[in-house]
Amino acid sequence: MVDMSSNFDSVNEARKGTYWQPFTSNRLLRANPEPRMLTKAEGIYYTSINGTRLLDTLSGLWCTPLGHAHPRIAEAVKTQVETLDFAPSFQMTHSGAISLAERIAEMAPEGMNHVFFANSGSESVDTALKVALGFHRIKGEGNRFRMIGRERGYHGVGFGGMSVGGIVSNRKMFAPCMMPGVDHLRHPYEPEYAAFSHGQPTWGAERAEDLQRLIALHDASTIAAVIVEPVQGSTGVLVPPVGYLERLREICTQNGILLIFDEVITGFGRMGAPFAAQRFGVKPDIITFAKAVTNGVVPMGGVIVTDEIYNTFMTGPESAIEFCHGYTYSGHPLAAAVGHVVLDIMESEDIFARVRELEPVLEEEVHSLKDLSCVSDIRNIGLTAAVDLKPMEGKAGARWSAVFEEGLRQGLLLRCTGDTVSFGPPFVASEQELRGMIGSFRKVLETVCE
């Protein structure tokens, strides 16, 4: 057994590459692991192994909006492990999952009263795609097999989510195993018309008409669902233009196509509302969620569906399994217990209102960076923002790497996707901390770019 307290040299061991890290430039990390090695988290800060305090600019990975080491969450974990540490979800159940599903349904748009639990955003998306296919098949429309995703969309790394996703680097290595019958909408972002927008751009709603093109190409009778992120997060906070989501909803309804909102990032307050569906006033047929539901402490995800979808599945012999799908850890007691405490905290501290109060602060601060010569665009909505940086000529990837490393030196843990830096700070950050975060980021850019 390794003695982690004294004998284990984690820095030198990291250089070996035994731990093959996800979505990581592993060779860069192995060359200089020390500043990237985290040992502690509290509030809105991490601490690295060399003692540097790093402001968590993206709430972990969009998943810790209440900050780190919250005492009520820690107590809930301890109590649940001592009471019911695991319960099988196949043919058995427990009150924690039932009651959490009830609370989530109450937060969801009206008529979306049924929750299927998974363990991550990737699993939630694959579940949603299966639900859509099964729904149409049970209705006698098994010819509806096509899925429509969107360019630059991110829906996790399962084969289903990867297929409907539209980020090239995530797809190209695995192209032979993509789902058949998938097509993609054009994304609604064009910097020529929408650069430096505050909130929703006024240009771009017409991009929803691209769905009409795909319907004309494939015929609506073959399309099962359209899946989009209300705000495209992982590709760099692409904000939906005014009227865009509304028009997608109209076209789907007119053609019997299910509309899926992937709210893995936007769910549970990031837009200042329970779900982005409410922020934008558009009701989908299916919502996926994960991340913030347990504040990142225990993996959990899920799918929320309409009464019509759920009731369609509830057919056949009573002893039949209506939906042959699920996971060993679906509705895990520990995840359910943490989920309850997270929702308790969000309610008691009026977290969604807090997000709405902080939104104009983040907007003001991030757009103040427009004067920097290396900044090509800035976008924001809710408590999210992104800054596009001009790439270094002839040096692909060099800009983001330099910005990331300088951020660590300046006390910021930054999220760089290509030459885009995304911000999704914890909801519990103060106005002063948000201003300080962007102020420190300005220093990073002045050091690296000027």
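Modeller: A residue is called buried when its relative accessible area is under 20%, exposed when it is over 50%, and partly exposed in between, using a 1.4 Å probe and protein chains only. This is a predicted model, so local features need pLDDT of at least 70 and side-chain atom pairs count only at pLDDT 80 or more, while totals for chains, interfaces and linings use all residues. Residues are numbered from 1 along each chain as its sequence is written, and side-chain values use heavy atoms, with hydrogens and water left out.

Colleague: Is W62 buried or exposed?

Modeller: W62 has a relative accessible area of 6%, which means that it counts as buried. W62 belongs to helix α3, residues 59-62, where helices (H or I, at least four residues) and strands (E, at least two) are DSSP runs numbered from the N terminus. Although W62 is not a glycine, its phi is positive, at about 70 degrees.

Colleague: And what about K291, where is that?

Modeller: K291 sits in the loop between β9 and β10, and its phi is also a positive value in a residue other than glycine, near 45 degrees. Its relative accessibility is 25%, so K291 counts as partly exposed.

Colleague: Let's move to α5: how far apart are its end C-alpha atoms?

Modeller: They are 19 Å apart, which agrees with the 18 Å that the 13 residues of α5 (residues 95-107) should span at 1.5 Å a residue. The expected span is 1.5 Å times one less than the number of residues.

Colleague: Which residues of α5 are buried, and what covers them?

Modeller: The buried ones are G96, A97, L100, A101, R103, I104, A105 and M107. Among the elements that cover them are β4 (114-118), β10 (301-305), α14 (333-348) and α15 (351-367), judged by contact, that is, heavy atoms within 4.5 Å.

Colleague: Which residues have the most contacts inside the largest nonpolar core?

Modeller: They are I104, F268, F275, V403 and F441, in a core of 102 residues. α14 gives the most to this core, with nine residues. A nonpolar core is a set of buried Ala, Val, Leu, Ile, Met, Phe, Trp, Tyr and Cys residues joined through side-chain atoms within 4.5 Å. A second, separate core of 19 residues includes L129, M147, I227 and I260.

Colleague: What is F275 in contact with?

Modeller: If its neighbours within four places in sequence are left aside, the contacts of F275 include I104, M107, F268, I287, F289 and I304.

Colleague: Now α10, which residues are buried there?

Modeller: In α10 (residues 210-218), the buried residues are D210, L211, L214, I215 and H218. They lie on the same side of α10, because they cover an arc of only 150 degrees around the axis, the arc being that of the directions from the helix axis to the C-beta atoms. An α-helix has 3.6 residues a turn, so residues three or four places apart point the same way. That buried set packs against β5 (146-150), β6 (182-185), β7 (223-228) and α11 (244-254).

Colleague: What order do the strands of the open sheet have?

Modeller: The four strands run β11-β12-β15-β14, with antiparallel pairing, and two strands pair if DSSP finds at least two bridges between them. β11 and β14 (415-417) are the edge strands, each pairing on one side only. The twist averages 20 degrees from one strand to the next; axes are lines fitted to C-alpha atoms, for helices over the stretch in contact, and angles run from 0 to 180 degrees between N-to-C directions.

Colleague: How many bridges join β11 and β12?

Modeller: There are six, between β11 (residues 375-381) and β12 (residues 384-389). Together they form a hairpin with two residues between the strands, and G382 in the turn has a positive phi of about 55 degrees. I381 has T384 as its bridge partner, while D377 stands opposite D388. Six of the seven residues of β11 are buried.

Colleague: Which strands does α17 lie across?

Modeller: Helix α17 (residues 431-449) lies across β11, β12 and β15, at about 170 degrees to β15. Helix α16 (residues 398-409) lies across β12, β14 and β15 (420-423), and it runs at about 175 degrees to β14.
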